[in-house]
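Please read the numbered points alongside the model.

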Amino acid sequence: MIVCIPSRGSTADSQMDDRFGRAPYFAFFDTDTNSVRVEQNPHAGGSGGVGPMAAQFLVKNNVQILIAPRLGGNADEALKASGITVIMQNPDVTVQAAYNAWKANPENNS
């Protein structure tokens with residue numbers, strides 16, 4: 001399973017970004033391999049409609065769960081349509097801490 005978290009920086013120790021579509025990076029945690037990779041969000045600097053485009057980027061990366069502090073309306077609709085489960089999380093933590101909190105108790109975070 002792939003779990004995605006918007007990030008302000010290029011490492012898992014970076015602060016979680018409080019934006020979804022305009023987050024500069026996305027951290028992808030693979031629960032099967034227990035690995036993480038961080039990729040630049042190709043839509044962060046777009047002029048509009050970045051939420052749905054970022055949602056499509058997650059679909060292309062086989063994301064099943066998104067942990068994010070908030071979403072715009074268009075992004076929320078795009079994520080629902082794609083079947084990605086959204087977990088709301090306070091952004092005052094690193095992406096690794098957000099992932100660890102979800103992993104410690106994934107049933108209570110949906």
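1. The model is predicted, and local features need pLDDT of at least 70, side-chain atom pairs count only at pLDDT 80 or more, and totals for chains, interfaces and linings use all residues. Residues are numbered from 1 along each chain as its sequence is written, and side-chain values use heavy atoms, with hydrogens and water left out.

2. An unreviewed UniProt entry places the feature "domain: Dinitrogenase iron-molybdenum cofactor biosynthesis" at residues 13–103. UniProt positions follow the numbering used here, feature names are shortened, and annotations may be inferred rather than shown by experiment. Over residues 13–103 the chain is 33% helix and 24% strand, with the end C-alpha atoms 16 Å apart. Helices (H or I, at least four residues) and strands (E, at least two) are DSSP runs, numbered from the N terminus.

3. Strand β1 spans residues 2–7, and six of its six residues are buried. Buried means under 20% relative accessible area, exposed over 50%, and partly exposed in between (1.4 Å probe, protein chains only). Ile 2, Cys 4 and Pro 6 point one way from β1, while Val 3, Ile 5 and Ser 7 point the other way.

4. β1 pairs with strand β2 (residues 25–30) in the antiparallel sense over six bridges; strands pair if DSSP finds at least two bridges between them. Here Ile 5 stands opposite Ala 27 in β2. With strand β4 (residues 63–68), β1 pairs in the parallel sense over three bridges, and Val 3 has Ile 65 as its bridge partner.

5. Pro 24 lies in the loop between β1 and β2. Its relative accessible area is 23%, so Pro 24 is partly exposed. The C-alpha atom of Pro 24 is separated by 7.1 Å from that of Gly 9, 15 residues apart along the chain. Beyond neighbours within four places in sequence, Pro 24 is in contact (heavy atoms within 4.5 Å) with residues including Ser 7, Asp 17 and Glu 39.

6. The structure holds six aromatic pairs. The rings of Phe 20 and Phe 26 have centres 5.6 Å apart and planes at 45°, so this pair is tilted. Rings of Phe, Tyr and Trp (its six-membered ring) pair if their centres lie within 6.5 Å; planes under 30 degrees apart count as stacked, over 60 as edge-to-face and the rest as tilted. Phe 20 is buried at 3% relative accessible area, and Phe 26 is buried at 0%.

7. Phe 20, Phe 26, Phe 28 and Phe 57 form one aromatic cluster.
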